[in-house]
Amino acid sequence: IWEFNHETGILESKFIGEVYLKEIVDYIRATKDNKNYPRKLKIKTNALESSFVFSVNDLEVIIYENNKSLENYEAIIDAIVIEDPKSTALSMLYQRLDKNEKYKFNVFSTTEAAQEWLDKY
């Protein structure tokens, strides 16, 4: 589930339940193909009610798709709010693996902290 908030200029997304690789890839591709989003895109993802059901090896697929999406943007600043321990670990590993200069990604435990971080950009 995602919606662009025109007041804040932030793409707000929410994951609920088990989240599979296909859902992540579909979300990235939809973002890539959207010409209406600002070219410096801020994303806030609420994943507090979800758990990621994919492997460490799947992170390479996500990085590949994300880099393809970044070809259409000046920058993407992406904050994820997460609680599930496995999902947090996968997100933090993803953060270390993705080295694209146009992409900033950070992991948070509260939506307030994520918003404060996004406001800096």
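This is a predicted model: local features need pLDDT of at least 70, side-chain atom pairs count only at pLDDT 80 or more; totals for chains, interfaces and linings use all residues.

Analyst: Residues are numbered from 1 along each chain as its sequence is written, and side-chain values use heavy atoms, with hydrogens and water left out.

Two packed helices are described by the angle between their axes and the distance between the axes. Helix H2 spans residues 59-70 and helix H3 spans residues 85-97. Their axes are 10 Å apart, at an angle of about 50°. That makes H2 oblique to H3 (under 35 degrees is roughly parallel, over 145 roughly antiparallel, 65 to 115 roughly perpendicular, the rest oblique). The crossing of H2 and H3 is right-handed.

H2 contributes Leu-59, Glu-60, Ile-62, Ile-63 and Asn-66 to the contact (heavy atoms within 4.5 Å). From H3 come Leu-90, Leu-93, Tyr-94 and Leu-97. These contact residues divide into 7 nonpolar, 1 polar and 1 charged.

Now the sheet. It is open, has 5 strands and runs in the order S1-S2-S3-S4-S5, with mixed pairing (two strands pair if DSSP finds at least two bridges between them). S1 (2-5) and S5 (103-108) stand at the edges with a single partner strand each, so one side of each lacks a neighbour in the sheet. Neighbouring strands are turned by 20° against each other on average, direction ignored. Strand S4, residues 75-82, pairs with S5 in the parallel sense over 6 bridges. Ile-76 stands opposite Tyr-103 in S5.

Terms used
Axes are lines fitted to C-alpha atoms, for helices over the stretch in contact, and angles run from 0 to 180 degrees between N-to-C directions. Helices (H or I, at least four residues) and strands (E, at least two) are DSSP runs, numbered from the N terminus. A crossing is left-handed if the near helix is turned anticlockwise from the far one by less than a right angle, and right-handed if clockwise. Ala, Val, Leu, Ile, Met, Phe, Trp, Tyr, Cys and Pro count as nonpolar, Asp, Glu, Lys and Arg as charged, and the others, Gly among them, as polar.
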